[in-house]
Amino acid sequence: MPEYLPTAPYRGTRDFLPAEMSVRTQVFGKLYEVIERYGFQRYDGPILESAEIYEAKSGEEIANQQLYTLTDRGGRRLALRPEMTPSVARMIAGNAGSLQFPVRWYSHPNCHRYERPQRGRVREHWQINVDIFGSTSPNCELEIFELIHDMLAGLGASEDMFVVRANDRNLLSSALTDVVGVPADQLSDVFALVDRWEKYDRDKLAADAGEIGLSDKQFDRLGDVLGAGTALLDDLPAEVKEASNLVTVLKSSAADLVRFDPMIVRGLAYYTSTVFEVFDTSPENNRALFGGGAYSDLASLFTPKQIPGIGFGMGDVTLMDFLGTHGLLPEPKPEVDVVVLPVTEDLGQEARSVATTLRRAGIRTSVPLEYRKLGKELGRADKSGARVVVIVGREDWDAGNVTVRSLATREQHQVSVDAAAETASRLLAG
């Protein structure tokens, strides 16, 4: 017996059969529409990048544990992109002279990370990235938060289904320094601890805090800071709050778009001020869906010019889990809406000409590739999800007519060939 190759995809990657692809296309199509209504333009870039840009900017976890790397024949170290932000920073820096800042860009790349596959995490995922480059105005935060709410609303989500939890790393740095007493050289380690705060029990967190040099008293103070909510802002210096775009948002009429949360820090190293994560509020899927933040110097890896930015990445895995949890996934579209059926094999060309007319009218139409008896083809058309058939018979055709039939109601009409598209459209609309 021959040994056949496995039919399953590589672990952590997925096949999308037509029904699932239909659902995805509908979901992402709605998101594109909302994003583009805000004036964002779509871009794309290569899936292979220099490994250095991730090692320099994406953080230790991605660079040391999750990066798929390879060396090409020229000895260059490359990586499959684990995220899009360093790539777009490279593109912005390389084209800065021809761009009119600020710019609004978005993309929908597939990304690869060597992770342990589990609910919400795979090794290859698709991610909508939305970024504004070239401005430090708090209006950037406002627009990003408004956009997130509109994107989820465009998929049918109500405001009670999710919450945007936001923080400013500068506010947290001030609290850690002034309230907890963390030395400046320990801030990055404490940020990493905060990022794990909701994932581990108190004993594990206390042990980790001890390893990075925090005393028991400092650990207790850290817990108080992280649980303080907006009350924490009262303990921070005025100049720190005045410099925070997030504080400006929280004082504006758009304050209900976000909830201040000191525990949000984000694990990626390039975030420098505002950071945020969007959480599902359902107890069945109480987890972070996606997030992002502001970065003041990401493009500095490629240019001496400082180009600030803010953005987020919305991954497909957690998004689909969210929509499924709340019953918001659309139904797959059928293969076609109309099938044109020749009664006899010699009418194949005539059937194709009718199909061409219907397609030009914007109707999704197919014609059998192999001739079968009319009864069998009617059954196949019904199983394909078609709602209307156009039957081409010899006598009708010679008289310039065809029969248009609704498979749902059995209503049918004999009409001229020129009227077939209009009649089919009416039956589809009914």
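Buried means under 20% relative accessible area, exposed means over 50%, and partly exposed lies in between (1.4 Å probe, protein chains only). The model is predicted: local features need pLDDT of at least 70, side-chain atom pairs count only at pLDDT 80 or more, and totals for chains, interfaces and linings use all residues. Residues are numbered from 1 along each chain as its sequence is written, and side-chain values use heavy atoms, with hydrogens and water left out.

**View 1. Alanine 421 in helix H16.** Helix H16 spans residues 420-429 and contains alanine 421. Helices (H or I, at least four residues) and strands (E, at least two) are DSSP runs, numbered from the N terminus. Alanine 421 counts as buried because its relative accessibility is 11%. Contact means heavy atoms within 4.5 Å. Beyond neighbours within four places in sequence, alanine 421 contacts Leu358, Ala361 and Ile363. Valine 390 is 31 residues from alanine 421 in sequence, and their C-alpha atoms are 9.5 Å apart.

**View 2. The largest nonpolar core.** A nonpolar core is a set of buried Ala, Val, Leu, Ile, Met, Phe, Trp, Tyr and Cys residues joined through side-chain atoms within 4.5 Å. The largest one here has 70 residues. Phe145, Leu222 and Phe312 have the most contacts inside it. Helix H5 (residues 138-154) supplies the largest share of this core, eight residues. Leucine 222 touches Leu176, Val180, Val190, Leu193, Val194, Trp197 and Leu214, with residues up to four places away in sequence not counted.

**View 3. Helix H1 against H5.** Two packed helices are described by the angle between their axes and the distance between the axes. Axes are lines fitted to C-alpha atoms, for helices over the stretch in contact; angles run from 0 to 180 degrees between N-to-C directions. H1 (residues 18-37) packs on H5 at about 145°, with the axes 9 Å apart. Lys30, Leu31, Val34 and Ile35 of H1 meet Leu147, Asp150, Met151 and Gly154 of H5. These contact residues divide into five nonpolar, one polar and two charged. Here Ala, Val, Leu, Ile, Met, Phe, Trp, Tyr, Cys and Pro count as nonpolar, Asp, Glu, Lys and Arg as charged, and the others, Gly among them, as polar.

**View 4. Helix H12 and its end.** H12 (residues 316-325) is mostly covered, with eight of its 10 residues buried. Among them are Val317, Leu319, Met320, Phe322 and Leu323. The buried set also includes Asp316 and Asp321. Glycine 327 follows H12 and has a positive phi, near 65°.

**View 5. The salt bridge of arginine 387 and aspartate 337.** A salt bridge is a side-chain nitrogen of Lys or Arg within 4 Å of a carboxyl oxygen of Asp or Glu. The whole structure has 21 salt bridges. Arginine 387 and aspartate 337 form one of 3.9 Å, N to O. The pair links distant parts of the chain, 50 residues apart. Arginine 387 sits in the loop between helix H14 (374-383) and strand S15 (388-392), and aspartate 337 in the loop between H12 and strand S13 (338-342). Arginine 387 is partly exposed at 40% relative accessibility. Aspartate 337 is buried at 15%.

**View 6. A salt-bridge network around arginine 372.** Arginine 372 pairs with glutamate 370 (3.5 Å, N to O). Arginine 372 also pairs with glutamate 377 (3.3 Å, N to O). Salt bridges with shared partners join Glu370, Arg372, Glu377 and Arg380 into one network. Glutamate 370 is exposed at 52% relative accessible area, arginine 372 is partly exposed at 28%, and glutamate 377 is buried at 6%.
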